[in-house]
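Keep the picture beside the text and find each element as it is named.

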Amino acid sequence: MQKVKIPITIDPCRAAQRRASYDGVVMLEELSRLQQVVRDQNSEIAVDIHFNIDEQGLVVVQGKVRAHLTVVCQRCNDELGLDLEQDFAYSPVGLGAESDDLPERYDVLELDDEGEVNLRQIVEDELLLAIPIVPTHDEALCSYSDKPKSFGEIEAEDSKPNPFEILKQLKKDS
């Protein structure tokens, strides 16, 4: 299948009736929230999305997101390359509709006012969830050192008189 640019929004019900599939890419510069977390500026995110109707008659949006992104290691502050791969399965519900009847294997995907979903937002959300909360290198590969970090000498301060000594004196006098 040829790699195509993933559409921004789509009606999942119509796409499921056609059993539409998209195997394509989303550019990182189109995902503003993700850009704030990663160091990359230009990167392609591989996306594979399929629209189906399952055996219960539910519309299902399934897929996989793959990307190589660079973040900051929280231990040594060097760059850390992450190979992210995230599978997802959603079932769309109407705006403000109840989702209690959905099977546990599907996450809720809320439709907008036009009955469509934003595919770029789905991709961005899945990648943000795939990034570790505290990204760090493996300990053996991390350039962090246990040595205390200090710059220059710290001069000892002169001992200052305690301001409450006066209150002690007043208490003794009374």
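A residue counts as buried when its relative accessible area is under 20%, as exposed when that area is over 50%, and as partly exposed in between. Glu55, at 70% relative accessibility, is therefore exposed. The model described here is a predicted one.

**The sheet**

Strands of a sheet pair through backbone hydrogen bonds, and they may do so in a parallel or an antiparallel way.

Which sense of pairing joins β3 and β4, and over how many bridges? The two strands pair in the antiparallel sense over seven bridges, and within this pairing Tyr22 has Ile49 of β4 as its bridge partner. β4 and β5 form a hairpin with five residues between them, and Gly57, which sits in the turn, has a positive phi of about 85°. Strand β5 (residues 59–72) pairs in turn with strand β6 (residues 79–93), in the antiparallel sense and over twelve bridges; Ala67 finds its bridge partner in Leu84 of β6.

Phe88 has its place in strand β6, and with a relative accessible area of 6% it is buried. What surrounds Phe88, once neighbours within four places in sequence are left aside? Its contacts are Ile49, Val61, Gln62, Gly63, Lys64, Val65, Ile122 and Glu126. One of these, Val65, is 23 residues away from Phe88 along the chain, while the C-alpha atoms of the two are separated by 8.2 Å.

Thr70 lies in strand β5 and counts as buried at 13% relative accessibility. Not counting residues up to four places away in sequence, Thr70 touches Val38, Arg39, Asp40, Glu79, Leu80 and Gly81.

**Salt bridges**

Side chains of opposite charge can pair when their charged atoms come close. The structure holds ten salt bridges, and the table lists some of them with their nitrogen-to-oxygen distances.

| Residue | Residue | Distance (N to O) |
|---|---|---|
| Arg33 | Asp125 | 2.6 Å |
| Glu55 | Arg105 | 3.1 Å |
| Arg105 | Asp54 | 3.7 Å |

Where in the chain do the residues of the salt bridge between Arg33 and Asp125 lie? Arg33 belongs to helix α2 (residues 32–35) and Asp125 to helix α3, so that the pair links distant parts of the chain, 92 residues apart. Arg33 counts as partly exposed at 36% relative accessibility, and Asp125 counts as partly exposed at 27%. Salt bridges that share partners join Arg33, Glu124 and Asp125 into one network.

Arg105 forms a salt bridge with Asp54, and this pair links distant parts of the chain, since Arg105 is in the loop between β6 and β7 and Asp54 in the loop between β4 and β5, 51 residues apart. Arg105 is partly exposed, with a relative accessible area of 48%, whereas Asp54 is buried, with 13%. The side chain of Arg105 also meets that of Glu55 in a salt bridge. Glu55 lies in the loop between β4 and β5 and Arg105 in the loop between β6 and β7, so this pair ties together parts that are 50 residues apart in sequence.

One more feature concerns the surface. Which residues make the nonpolar surface patch of about 450 Å²? The patch is made by Phe164, Ile166, Leu167 and Leu170, and among them Leu167 lies in helix α4 (residues 165–173).

Conventions. Residues numbered from 1 in each chain as written. Predicted model: local features only at pLDDT ≥ 70, side-chain atom pairs only at ≥ 80, totals over all residues. Heavy atoms only, no water. Pairing = 2+ DSSP bridges. Helix = DSSP H or I, 4+ residues; strand = E, 2+ residues; numbered from the N terminus. Patch = residues over 30% accessible without salt bridge, like charges linked within 9 Å, V, L, I, M, F, W, Y side chains within 5 Å. Areas by Shrake-Rupley, 256 points an atom, 1.4 Å probe, with all protein chains shown as cover. Salt bridge = Lys/Arg side-chain N within 4 Å of Asp/Glu carboxyl O. Buried < 20%, exposed > 50% of the residue type's maximum accessible area, 1.4 Å probe, protein only. Contact = heavy atoms within 4.5 Å.
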